[in-house]
Amino acid sequence: MQLKIRNLEKYYGQFQALSDVNLDVGDEEFVCLLGPSGCGKTTLLRIIAGLEPYNAGTLELAGKDLSSVGAQNRGFGIVFQSYSLFQHMTAAENIGYGLRIRKIPPAERTAKVQKLMELVHLQSFSQRYPYQLSGGQQQRVAIARALAVEPALLLLDEPLSALDARVRNDLRLEIRDVQRRLRIPTIMVTHDQEEALIMADKIVCMNAGKIEQIGTPKEIYSRPRTRFVADFVGISNFLTPQLAQSVLPELGSQAPDAQHLLALRPEDISVSISDDAQARITQASFLGNVTRLTVDLGETTLLAESHHSQALQTGDRVAISVAADAGVWVQA
Amino acid sequence: MTVGSTQGHLPPRKISRAKPLVIPPLARTLYLTSLWVPLIGLGLFFLYPLALIVQRSFVQRDGNLGFGNYIDVLSMGHILGVVRNSLVMSGLTTLICVLLGFAIAYLLQRTRARLRWVISIALLLPLLAPSLVQALGLIFLFGRNGLISQATGWNLQIYGLWGLVISNSMYALPQAVMIIQASLRQSDTRQYDAAMMLGATPWRRFVDITLPNARFGLLSAAFVCFTVTITDFGNAAVIGGNYRVLATEIYAQVVGQMNFNMGAVIGILLLIPTLMAFYIEKVAAQRHTSGATEGAMPVAPDRRILRDIPLGILGYGTAFFLIAVVATVVYASFVTLWPYRLDLTLRNYNITAQGGYGPLWVSLIVSTQAAAIGTLMLFMLVVSQRRLGRGMAKAVYLLAIVPVGVPGLVLGLAYVLSFNVAGAVPGMLYGTTLLIALCNFYHYHSQGFLTMVTGIRAVPAQLEETVTCIGGNTLQGLRDVVLPVMLPTLVAVFFFLFMRSMVTLSAVIFLITPRLSVGAVSVLRLDQAGFATQAAAFSVCIMAVVLIALGLMKITLAVVSRRPQAAK
């Protein structure tokens, strides 16, 4: 079972919402579509679901062309940000809805719903109505409802964005755990890079209707290929080859060509007090576990991070250094 | 710029057409049916009659097409006077309703005056009965044999312009108050707080925030008052006296002189001011940007003696007047011989003239048909309209709200021209309750449609998509997603159409036949035949039916919008 997307194009009138999208989703794989709002990630998900028409390209599931299969017959599960539960049905009825539609006998249905309620830790809430459940509980019901029909593919459209931080954290791990146990290939849309890094086997980083980079969370974070990815996932300093040459000569000399930029993570820059240095701290923001420093080098400013309890303050003269293997050259 | 990317930034010149989504045959059939049945209905029972009335206005006495009828009408010595009369009467009524309506809406929405519910109830009264009941009540009080005229010896000259203006104002005022109150409800208290922090006085806040925000509501209210009164037939017939207006003129031409083509011309003349008002309101609506923000905090009512006392006098005074007039009608219906022998009797309810209570039952049947057909058609229309592209959806929307600009009298006349024909299929409908029901439905099509549109907006689109993805078909989506949310709206639209059909007079006055009449017409006929107290009794019966319908609606709404109780 594998989803295969080739050369997908989507227009809204003259506006190109998706251009030349190619993507594979393997068995048991958890894929995150990550990007800023308007990048086309939700459009892509809706096309996969069969809810949105597209202009060109092919979609295949396990070798079978999907273009003649309506959303109703694809056998996918979907979960939206807005919970989207039936307000007039109990949690158990909501979860059993797909089974009822498929005319599964009541006894079998009840047993299955029971199992799913346990899976999402809602055993004692089965007779509650949606308005009697918290946001997190409602979203658990929505997920269980999508899983009940044993979907060939689970589609999650920003399922956690409406929840508060605590609940979001718990549910992230829970969704991932359930997905691993049931081994359902899953595609999740999110604009939250932290969420994508925590949950995904594979991140698809999108910008302006194009896929910028596909890779494991580690690859995306430590080996971004474009400036957009380096900037969207985590924080980066960008230096032109000339600037890199003059500020950090040992790294600057490795520039592949003049079009690339050196992307440097703040945690890769170490800062130490040095009264005779040129560089100066212009801003120090205390973030709890680290202190984020803006360092003025004259030619440019860099963001750096300091884990030391050493009291670095605005105005301090500092020297900076980076490891020899730090930084990545990215397309501008 | 993404250097090294093979993708250009300009879209290719030719965009291949999007492959349409796969839609199962059942869904397709359902969708097409629910789109085209209401649209064909609008075509056959609204556009066609309307086109016919335009065409007939150009058919001259010699059978050729031309402006002959228009020239004839305009050269009738009195017609310009009649047009002026209509404009003056509706203009005055509109002015009174908007000013008084604003004061009362403000009193209800923004003050903490006591017993505001009395005013709300009083404002419901005129909606429960045919419009001419106001005129009837006024005559019982101030007419030649009126209680007050007799008691004081004053000759109040109630027949004519002022009687018409007062009775029409009573009829239109509740609608004006509802619209203006809705616009006052939208304001955000934070706007007022911000202005107060900047040092604005209460008066400045009123002028700079309240009035601008209510402007659109005031305009809508003016539009509604103008259109319902310029075409109202009942009051004009009962209390108009020698003050002739277009509504009575068109009736005299058609029913009195069987001059259908001249009637058509006057119908077109009636259409002009309404369509102008309609157009002005639409243009204003497009420019209108509401000051309301999402999640607006409602403005809390407060107490301010200098403002509340004058407002209260206006509000309670109006309420008293409305109640007094309707109460007088109810009282008169039990009186032996108004106003000379005031002992109570039930004799007035023994109605035998004008078909007795037959027309009341016809009204019930007509109203039930109009409500059932109307609710189903409007539901189909809004459900299918959502799937249309933006341009098409807008076209359907416009078509669906045009009927509000067509006066009932003109629609009724158009129906006579279209369906009172020998043989043929349209002719078979003439003289049936179904045709009257359809006429009433299309007369109130727009209001029902707008209510439905508001209702369907609350249907969660994503839940429908979830049902599709789970494998549900269109019918299951309708049953489990659309209906549970739309049920209160369907109930409201059903009873709205029912209640309006029970009391409307202006459209149906042309459609009744010697064998088929409705309740509102009976009231008019009884009054014209000199049986004023029996007319009152008949009105009381209509009001009772509408009140029962209103009660049923409240109960049904309470049942369908009750939240399911969780098992313990």
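Buried area is the accessible area (1.4 Å probe) that two parts lose on being put together, summed over both. Keep that in mind for the views below, which all come from a predicted model.

**View 1. The two domains of chain B, side against side.** Chain B splits into domain 1 (23-66 + 353-561) and domain 2 (70-288 + 298-332), with bounds that come from an automatic or database domain assignment. Their C-alpha centres sit 24 Å apart. Contact here means heavy atoms within 4.5 Å, and 43 residues from domain 1 of chain B and 40 residues from domain 2 of chain B take part. Together these two domains bury about 3,400 Å², with carbon and sulfur atoms giving 76% of that. Ser57(B), Leu409(B) and Met543(B) supply 15% of the area that domain 1 of chain B buries against domain 2 of chain B, more than any other three residues.

**View 2. Helices on the domain 1 side of chain B.** Helices (H or I, at least four residues) and strands (E, at least two) are DSSP runs, numbered from the N terminus. Five helices of chain B, H1 (25-57), H16 (408-419), H21 (474-503), H22 (519-528) and H23 (532-560), each bring at least two residues to the side of domain 1 that touches domain 2. H23(B) gives the most, with 11 residues. Sorted by class, this side of domain 1 of chain B has 30 nonpolar, 8 polar and 5 charged residues; Ala, Val, Leu, Ile, Met, Phe, Trp, Tyr, Cys and Pro count as nonpolar, Asp, Glu, Lys and Arg as charged, and the others, Gly among them, as polar.

**View 3. Where chain A meets chain B.** Here 47 residues of chain A are in contact with 36 residues of chain B. The two chains bury about 3,700 Å² between them, 57% of it from carbon and sulfur atoms. Look for Asn55(A), Gln72(A) and Tyr131(A): these supply 17% of the area that chain A buries against chain B, more than any other three residues.

**View 4. A salt bridge between the chains.** A salt bridge is a side-chain nitrogen of Lys or Arg within 4 Å of a carboxyl oxygen of Asp or Glu, and the count between chain A and chain B is 2. One of them joins the side chains of Arg100(A) and Asp480(B), at 4.0 Å from N to O. Among the elements of chain A that each supply at least two residues to the side touching chain B is helix H3 (97-101). H3(A) gives the largest share of that side, 4 residues.

**View 5. The two domains of chain A.** Domain 1 (3-223) and domain 2 (235-331) of chain A have C-alpha centres 39 Å apart. Tyr221(A), Ser222(A) and Arg223(A) supply 96% of the area that domain 1 of chain A buries against domain 2 of chain A, more than any other three residues.

**Reading the views.** Residues are numbered from 1 along each chain as its sequence is written, and chains are lettered from A and ligands numbered from 1 in the order in which they are written.

How values were computed: Predicted model: local features only at pLDDT ≥ 70, side-chain atom pairs only at ≥ 80, totals over all residues. Heavy atoms only, no water.
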